[in-house]
Amino acid sequence: MSLSYFRRWAPLVALALALFAPAVQALPEIPALTITESSSGEQSYGVTLQILAVMTMLTLLPSAVIMLTAFTRIIVVFAILRQALGMQSTPSNQILVGLALFLTIFVMAPVITEVNEVAIEPYVAETVTPVEALKSASDPFRHFMLAQTRESDLDMFMRISDHEQVDTPEEVGFFVLVPAFMTSELKTAFQIGFMLFIPFLIIDMVVASILMSMGMMMLSPLIISLPFKLMLFVLVDGWVMIMGTLANSFGAWA
């Protein structure tokens, strides 16, 4: 670059520095790490650490939605239903994820309400510390997951992790409960998916047998059976049945 290039832009750079320098100097200094210990021995963290913790939790939010809520069971059932109908891309993944997300919010509404009452509102009112708020927020999710987890799955992960014996399931560690809950959710989703597959499988078998008896072996049975499967699904009001069954499958856990 030539010297004339710098001479051309030097006045603009100097003007920008003159305008923004007072504003930068007026910014308050925020301490990077501040840990305050109260008279009772509890520690409270500074605003910077709290913001860092919140931003970290936001990055883990998608994983939490999948692992700690009803989302896994719902999305797996939707995927199996689409496969049973014989349609590879209809409804699209975006539609299925949207349906699963809002049905998850519907199912998890009692948990969200309880978390707001026992953790978020006290934390905003500054009546509890961040650690206490996090512990209070985990209790409703633990209650929900315990209600949906099979004892056999819980015992298996306790045995694998050499977890100490507990008198009640509520004493199980959180990081042992989560994989047990996920395993139970997948098993339940596959059971519901198996029941969904049976009527559509029967239609495929009947159509394939008729085509073979007529000597039309070159014609794909899927082309003929797909309209009948769609008609059956619409006549029985399939989406209402699926959504209602999924919502009721979680039971009155609250």
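Me: Which residues of helix 5 does helix 4 meet?
Reply: On the helix 4 side, look at Phe71, Ile74, Ile75, Phe78 and Arg82. Heads up: this is a predicted model, where local features need pLDDT of at least 70, side-chain atom pairs need 80 or more, and totals for chains, interfaces and linings use all residues. Numbering starts from 1 along each chain as its sequence is written, and side-chain values use heavy atoms, without hydrogens or water. Across the contact (heavy atoms within 4.5 Å), helix 4 meets Asn93, Leu96, Val97, Leu99, Ala100, Leu101, Leu103 and Thr104.

Me: How many residues of that contact are nonpolar?
Reply: Here Ala, Val, Leu, Ile, Met, Phe, Trp, Tyr, Cys and Pro count as nonpolar, Asp, Glu, Lys and Arg as charged, and the others, Gly among them, as polar. The contact has one charged residue and two polar ones, and its nonpolar count is 10.

Me: How far apart are the axes of helix 4 and helix 5?
Reply: These helices (DSSP runs of H or I, at least four residues, numbered from the N terminus) span residues 71–85 and 93–107. Their angle is about 145°, on a scale from 0 to 180 degrees between N-to-C directions, with axes fitted to C-alpha atoms over the stretch in contact. The axes lie apart by 9 Å.

Me: Which residue forms an aromatic pair with Phe78?
Reply: The structure holds five aromatic pairs (ring centres within 6.5 Å; planes under 30 degrees apart are stacked, over 60 edge-to-face, the rest tilted; Trp uses its six-membered ring). This one is edge-to-face, at 6.1 Å and 75°. Its partners sit 161 residues apart, in helix 4 and helix 11, and the partner of Phe78 is Trp239.

Conventions:
Helices (H or I, at least four residues) and strands (E, at least two) are DSSP runs, numbered from the N terminus.
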